[in-house]
Amino acid sequence: MTEEELRQIKPTVTVDARGTYCPGPLMELIKEMRQQPVGSTIELISGDAGSAKDVPEWLGKVKQEFLGVIPEDNFWRIFSKKIKDM
Amino acid sequence: MSEKLAIIIASEEYEKSHVASMIASVAAVSGMNVSIFVTMNAVYNYLKETVEKKNFTGGKIYEQIKEKKSAMFYELFYSAKMLGDLKIYVCSMVMDILKIEKDDLIDIVDDNVGIAAFLGIMEGAETITF
């Protein structure tokens, strides 16, 4: 998705994981994704530079959908979608 | 990538348990079966007494982790256990030598095992040693 399209997304839930260090943001996303029903869109806000690379890698491994990342000044907004049970 | 990961932690250095807990967490939540074997001086870091007093042996990054109030290795292991397949075993030989019981170890420890048992557990696993 383009940044424009990502900005239009109304996520089902937003997880603000700023203030946690690697792998904190990824773990926060996983906890949330487990609880949300299939079809949910999740926005993860992370202040950890590694997350923008780590999260898509993990989503690929567990076969959930990665929608994209919006880099902001001091944080990253990472969008994903739960497409199957986990 | 192998579907099994085994991590052996022998050093008392705090940072080694910390990086082990980071790798183990992400592996466990990615669907891998993860087994940790804590042995030699590393066992001291898994004693209730050490954890309660935060009496760890660590270097510069350990000091920063404390200062930044980042999650400690045992907290990372704890959440990984909630979210994935991760087991922590402590070396029974070291427990014998130190005269410690399972009750002296922090609750995230699943069991104490000997080498033969751990070799069985880690069979076919990718192995990392700290």
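Author: An axis is a line fitted to C-alpha atoms, for helices over the stretch in contact, and angles run from 0 to 180 degrees between N-to-C directions. The model is predicted. In chain A, helix α2 (residues 24–35) packs with helix α3 (residues 51–62) at an angle of about 40°, and their axes are 9 Å apart.

Reader: Which residues of α2(A) and α3(A) meet?

Author: P25(A), L26(A) and L29(A) come from α2(A). From α3(A) come S51(A), D54(A), V55(A) and W58(A). By class, the contact of α2(A) with α3(A) has five nonpolar, one polar and one charged residues. The crossing of α2(A) past α3(A) is right-handed.

Reader: What makes strand β4 (residues 76–81) of chain A largely enclosed?

Author: Burial. A residue is buried if 20 or more other C-beta atoms lie within 10 Å of its own. Five of the six residues of β4(A) are buried, so the strand is largely enclosed by the rest of the structure.

Reader: How do you know that β3 (residues 65–71) of chain A and β4(A) pair?

Author: Count the bridges. Pairing needs at least two bridges between the strands. β3(A) and β4(A) have six, in the antiparallel sense, so they pair. V69(A) has I78(A) of β4(A) as its bridge partner. β3(A) and β4(A) form a hairpin, with four residues between them.

Reader: How many bridges join strand β2 (residues 41–46) of chain A to β4(A)?

Author: Six bridges join β2(A) to β4(A), and these strands run antiparallel. T41(A) stands opposite K81(A) in β4(A).

Reader: Now chain B. What is the order of strands in the open sheet?

Author: The open sheet of chain B has five strands in the order β4-β3-β2-β1-β5, with parallel pairing.

Reader: What makes β4 (111–113) and β5 (126–129) of chain B edge strands?

Author: β4(B) and β5(B) each pair on one side only. The twist averages 25° from one strand to the next.

Reader: How do you know that strands β1 (residues 4–9) and β2 (residues 33–38) of chain B pair?

Author: The cut-off is at least two bridges. β1(B) and β2(B) have six bridges, in the parallel sense, so they pair. I8(B) stands opposite F37(B) in β2(B). Helix α1 (residues 14–29) of chain B lies across β1, β2, β3 (85–91) and β5 of chain B, and runs at about 170° to β1(B).

Reader: Why is α1(B) called roughly parallel to α4(B)?

Author: The axes of α1(B) and α4(B) cross at roughly 15° and come within 9 Å. Angles under 35 degrees count as roughly parallel, so α1(B) is roughly parallel to α4(B). The crossing of α1(B) past α4(B) is left-handed. Among the contact residues are S21(B) and M22(B) of α1(B) and L76(B) and F77(B) of α4(B). By class, the contact of α1(B) with α4(B) has nine nonpolar, five polar and no charged residues.

Reader: Which elements give two or more residues to the side of chain B that touches chain A?

Author: In total, 10 residues of chain B are in contact with 11 residues of chain A. The elements are α1 and α4 (73–83) of chain B. α1(B) gives the most, with four residues. By class, this side of chain B has five nonpolar, five polar and no charged residues.

Technical notes:
Residues are numbered from 1 along each chain as its sequence is written. Chains are lettered from A and ligands numbered from 1 in the order in which they are written. This is a predicted model: local features need pLDDT of at least 70, side-chain atom pairs count only at pLDDT 80 or more; totals for chains, interfaces and linings use all residues. Two residues are in contact if their C-beta atoms, placed from the backbone, lie within 7 Å. Ala, Val, Leu, Ile, Met, Phe, Trp, Tyr, Cys and Pro count as nonpolar, Asp, Glu, Lys and Arg as charged, and the others, Gly among them, as polar. Angles under 35 degrees count as roughly parallel, over 145 as roughly antiparallel, 65 to 115 as roughly perpendicular and the rest as oblique. A crossing is left-handed if the near helix is turned anticlockwise from the far one by less than a right angle, and right-handed if clockwise. A residue is buried if 20 or more other C-beta atoms lie within 10 Å of its own, exposed if 12 or fewer, and partly exposed in between; C-beta atoms are placed from the backbone.
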